[in-house]
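Visitor: Please give me one close look at a single part of this model, with the cut-offs spelled out, and then show me how the surrounding parts relate to it.

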Amino acid sequence: MNLVLLGVITAVSGNCLIALSLTLQKHVHNKYDSPARSPLCWLALFGMIGGEVGNFAAFGFASPTIVSPLGAVSVIANSVLAVLFLH
């Protein structure tokens, strides 16, 4: 049961990191003319990679029937962050 909880926590945190990275990417694209030169763009890219790795690692701790539906956390977190940061 401990590993299942670790898988859920890893999946939720990975999906929240993905949502934060998507919001940061959109902010950079709105703010800069050439976003690839901004360090924030690269931070968002590596944050998304880290979130996907965390999401993938969650499948090692919990079953896919538990981890897969937690992908909806990313959609909800992205909606909240977009309202807060992108107006």
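Guide: C41 is buried, because its relative accessible area is 17% and buried means under 20%, exposed over 50% and partly exposed in between, with a 1.4 Å probe and protein chains only. C16, in contrast, is partly exposed at 33%, and the structure holds zero disulfides (a disulfide being a pair of cysteine sulfur atoms within 2.5 Å). This is a predicted model, in which local features need pLDDT of at least 70 and side-chain atom pairs count only at pLDDT 80 or more, while totals for chains, interfaces and linings use all residues. Residues are numbered from 1 along each chain as its sequence is written, and side-chain values use heavy atoms, with hydrogens and water left out.

The chain has four helices and zero strands, where helices (H or I, at least four residues) and strands (E, at least two) are DSSP runs numbered from the N terminus. Helix 1, residues 2–31, has 30 residues and reaches 43 Å from its first C-alpha to its last, close to the 44 Å expected, the expected span being 1.5 Å times one less than the number of residues.

Leaving aside residues up to four places away in sequence, V12 touches L70 and V73, a contact meaning heavy atoms within 4.5 Å.

L70 also belongs to the largest nonpolar core, together with A11, A58, A62 and V67; such a core is a set of buried Ala, Val, Leu, Ile, Met, Phe, Trp, Tyr and Cys residues joined through side-chain atoms within 4.5 Å. A62, another of these five residues, touches L3, V4, G7 and V67 when residues up to four places away in sequence are not counted. In soluble globular proteins, nonpolar side chains tend to be buried together.

Helix 4 is followed by H87, whose phi is positive, near 60 degrees, and H87 counts as exposed at 83% relative accessibility. Most residues other than glycine have a negative phi.

For the chain as a whole, buried residues make up 31% of the 87 residues. Of the contacts with a separation of 6 or more, 73% join residues 24 or more positions apart. The accessible surface comes to about 5,600 Å², of which 74% belongs to carbon and sulfur atoms, with areas taken from the Shrake-Rupley method with a 1.4 Å probe and, for residues, only the protein chains shown counting as cover.
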